[in-house]
Amino acid sequence: MQQIINFIIRNKTFLLFLLLFSLSIVFTIQSHSYHKSKFINSANFLTGGVYNSINNLSEYFSLKSQNEILVEENNRLKSILYNSKNEKDNVLIDSTTYDAKYNVTTASIIKNSYSLTDNVLLINKGRNDSIKQDFGVVSSKGLIGITSETNNNYANVISILNTTSNISAQLKKTNHFGSLTWNGDSPEIVQLTDVEKIAPIVEGDTIITSGRSSIFPKGIPIGIVDNFKLDEAENYYEINVKLFNDMTNLEHVHIIKNNDIEEITNLLNSTNE
């Protein structure tokens, strides 16, 4: 305290000058509208910049929570979309007002392989989240794979980049369909085989799921036709499909459950017997 008092005594002239100078500025600003407006604009500029920086920093740290909100909203919209495709009029419907055929659950990929021949992904949802074998897995851009083994908290997903994968797919503009497989070469390209040669195919055509299975609804995007040729017997096309998804960079996915899958499976099993 004594040091502060000594500092004031030593610099009393300068401090008095600062006080009088500050008072003169205040009186000038208050008595002249031009100076007052300039001061307010300058203050707003400075405080605005500070608040903007604080807001940007706050938004950065809230990205995770905002992303989770967007994923959940996307999940809700996908659920409505997949179920609306099963209505004859194909109109937008409220999935809370009737018994939906498809339920959609969000999940995150915690392990992703794409450089092997039999690639499998690991997601952070399992039996505790009602996830079972043979549920479809998609992203916001399109097809990912099908669940296989599950435990309480996690599930394996057989990627479409797996040489054992076989999914029914078709040309979007027609009903010509075939089997979607992977030859193990490129993580960007999969193959659509057994498409009849009468199908009108051109490069750039969109490929979607056909809906001819109990796993995926019809219309989920897969990719576009990169190139195609007839097989050796010249009866069917062999089509290279460039994927919409970057399978090397995946994070959030949607798991599709067909609520009728057990009924369909039981019927097929009884027919085979």
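The model is predicted. The protein chain holds five helices and twelve strands, and 32% of its 273 residues count as buried.

**Overall chain**
- Of the contacts between residues at least 6 apart in sequence, 57% join residues at least 24 apart.
- The chain exposes about 17,300 Å², with carbon and sulfur atoms supplying 54% of that area.

**Salt bridges**
- The count of salt bridges comes to two.
- Lys173 and Asp205 form a salt bridge through their side chains, at 3.1 Å from N to O. This pair links distant parts of the chain, 32 residues apart: Lys173 is in the loop between β6 (167-171) and β7 (177-181), and Asp205 is in the loop between β8 and β9.
- Lys173 is partly exposed, at 48% relative accessibility, whereas Asp205 is buried, at 10%.
- Glu188 and Lys242 form a salt bridge in which the closest N and O atoms are 3.4 Å apart. Glu188 lies in the loop between β7 and β8 and Lys242 in strand β11 (residues 236-243), so the pair ties together parts that are 54 residues apart in sequence.
- Glu188 is partly exposed, with a relative accessible area of 47%; Lys242 is also partly exposed, at 34% relative accessibility.

**Surroundings of Asp205**
- The loop that holds Asp205 runs between β8 (189-196) and β9 (206-209).
- The Asp205 side chain reaches the backbone nitrogen of Val202 at 3.0 Å.
- Leaving aside residues up to four places away in sequence, Asp205 touches Leu171, Lys173, Pro200, Gly223, Ile224 and Val225.
- Asp205 counts as buried because its relative accessible area is 10%, and buried means under 20%.

Note on methods: Residues are numbered from 1 along each chain as its sequence is written. This is a predicted model: local features need pLDDT of at least 70, side-chain atom pairs count only at pLDDT 80 or more; totals for chains, interfaces and linings use all residues. Side-chain values use heavy atoms; hydrogens and water are left out. Helices (H or I, at least four residues) and strands (E, at least two) are DSSP runs, numbered from the N terminus. Buried means under 20% relative accessible area, exposed over 50%, partly exposed in between (1.4 Å probe, protein chains only). Contact means heavy atoms within 4.5 Å. Accessible areas come from the Shrake-Rupley method with a 1.4 Å probe; for residues, only the protein chains shown count as cover. A polar contact is a pair of N or O atoms within 3.5 Å; within protein, one must be able to donate a hydrogen and the other to accept it, and residues adjacent in sequence count only if both atoms are side-chain atoms. A salt bridge is a side-chain nitrogen of Lys or Arg within 4 Å of a carboxyl oxygen of Asp or Glu.
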